[in-house]
Amino acid sequence: AVPGCLSGNSNLNQDVSGKDYCYQDSTSPPTTSSQPTQSPTETCAPTPVVSAMPTGPATYIPGENTVNIEGLRLSTGLQAEVIATANQQVLLKDGQLSAETFHGKPDGAAVFADECGGGWTYVSNSEKGDSSKYTGGVGALYFNARNEVIGYKMIQKKTRRNCSGGRTWWATWLTCEEVSGGGVYEVEPKNNNPSIKRKTLLGQNGRNGGAYEGVAYDNRFPDDVNFRPKFFLTEDAPKGPLERFQPSLQALADAKASGDYSNLLHIDPDGTAQTDYLVITPDTGINTQGTFIWTASLRDGRRNARAYFRNCEGIDVRNGMLYMTCKVDKLLFILDLDAMTYTQSSTIKGAFNDQPDQIASITGVNGDILYFCEDGIKGGESGRSGSGVHARDATGQGYTILQDESEKIKGETTGLAFSPDRKLMIVAYQHEGRIYKIWREDGRPFGGQMLDIR
């Protein structure tokens, strides 16, 4: 699944809004733009009083799994609660129940900070449906500044098998249909018209849709007139290529001038929108590294995918590096988008098992850990573990943050995200249709960062 980078605070040496795959800085003014739908006023609740940062001892010990609660085994110092379950109404802060029942098969997700009151929204895909049943879509849980659930509704309907997706830097969600002929749709976190579908140009230029999985973007230099932002799209198919989409130059110029990006991925007024595909070439005698190019040939992109990177799903972009996981051969690819080189490694023992330098390149030198959803991880005190939320530090040590207790909850974990203040971790167990909130007993925020490679 595809959440996104959710650090969003440049004062803490984390990523900068609009330049990487993350949400808006908590210190920055909100992005404003003219959007095709309006936000409902009922989700902008008055700002509640937020408690001060605790001063007592820290009790969270990642990887020391001693807590059993709500069917999960968690690290010492963590607590968990189910806040939504498929086909049931959501219990809200005031004791009322949501008008709509929570969607089934929750999948990719992301968090968006509100423009008022310090609240936020957790958007979550529904992977229900098939090629002829349009029963998927996107739901949204609304929170106030104290991280209490105050609302739920569907914000996108009439789509199929919405698997994962990705954020845009103008704070909308791109949801991907993982079905033959599927599309990529743009939806606002507070959309009032869920039956209206806004299909983007991603995955449509030269092909009639596909089983799309995740989206990430590279917009490192938004003020550089010579830098063109790029969107990357994975397809979960044996010959599903990695697509690179560059918006129309005219549409981009108009969006920058007006501040309205709502049409950037939907129009090509000057015919300059560009779609191409990844072609990798392994180094002679070394099949774990090599070089790559981008080609306009869909046929060549598909042939290359079938040969080297079948059925890719999770994707993230950070500091000019693209991270992509491919489930058939259990591989993690890391592409240097500037040097046009790549490396690949096995995920059988967990992502980054032998790559501490890659962890350090993401988390920096402050010793933070990198969180991700995965079927299992090997290394460190946690040993071999099951499906859940895992992490690694810059030394390569692995940690199991939480996992299914004795396989009582079946199915994959997905939809990992953090609240804007990072005091809540949100994660889904798809098979049971449960959304969990996880928090530290000591009241402190979760440190570290997150990578979407599920």
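Analyst: Contact here means heavy atoms within 4.5 Å. The model is a predicted one.

Leaving aside neighbours within four places in sequence, Ile438 is in contact with Leu72, Leu74, Leu78, Gln79, Ala80, Leu402, Lys423, Leu424, Met425 and Phe446. Ile438 belongs to the largest nonpolar core, which has 22 residues. Ile438 is listed among those with the most contacts inside this core, together with Tyr371, Val389, Ile401, Leu402 and Met425. The strands that each supply at least two residues of the core include S2 (72-76), S3 (78-85), S24 (398-404), S26 (425-429) and S27 (434-440). Strands S22 (370-374), S23 (388-392) and S25 (413-418) also each supply at least two. In soluble globular proteins, nonpolar side chains tend to be buried together.

A second, separate core has 20 residues, including Ile280, Val317, Met324 and Leu331.

Now the sheet. Nine strands form an open sheet in the order S13-S14-S15-S16-S17-S21-S20-S19-S18, and the pairing is antiparallel. Strands S13 (212-218) and S18 (312-318) stand at the edges; each has a single partner strand, so one side of each is left without a neighbour in the sheet. On average, neighbouring strands of this sheet are turned by 25° against each other, direction ignored.

Technical notes: Residues are numbered from 1 along each chain as its sequence is written. This is a predicted model: local features need pLDDT of at least 70, side-chain atom pairs count only at pLDDT 80 or more; totals for chains, interfaces and linings use all residues. Side-chain values use heavy atoms; hydrogens and water are left out. A nonpolar core is a set of buried Ala, Val, Leu, Ile, Met, Phe, Trp, Tyr and Cys residues joined through side-chain atoms within 4.5 Å. Buried means under 20% relative accessible area, exposed over 50%, partly exposed in between (1.4 Å probe, protein chains only). Helices (H or I, at least four residues) and strands (E, at least two) are DSSP runs, numbered from the N terminus. Two strands pair if DSSP finds at least two bridges between them. Axes are lines fitted to C-alpha atoms, for helices over the stretch in contact, and angles run from 0 to 180 degrees between N-to-C directions.
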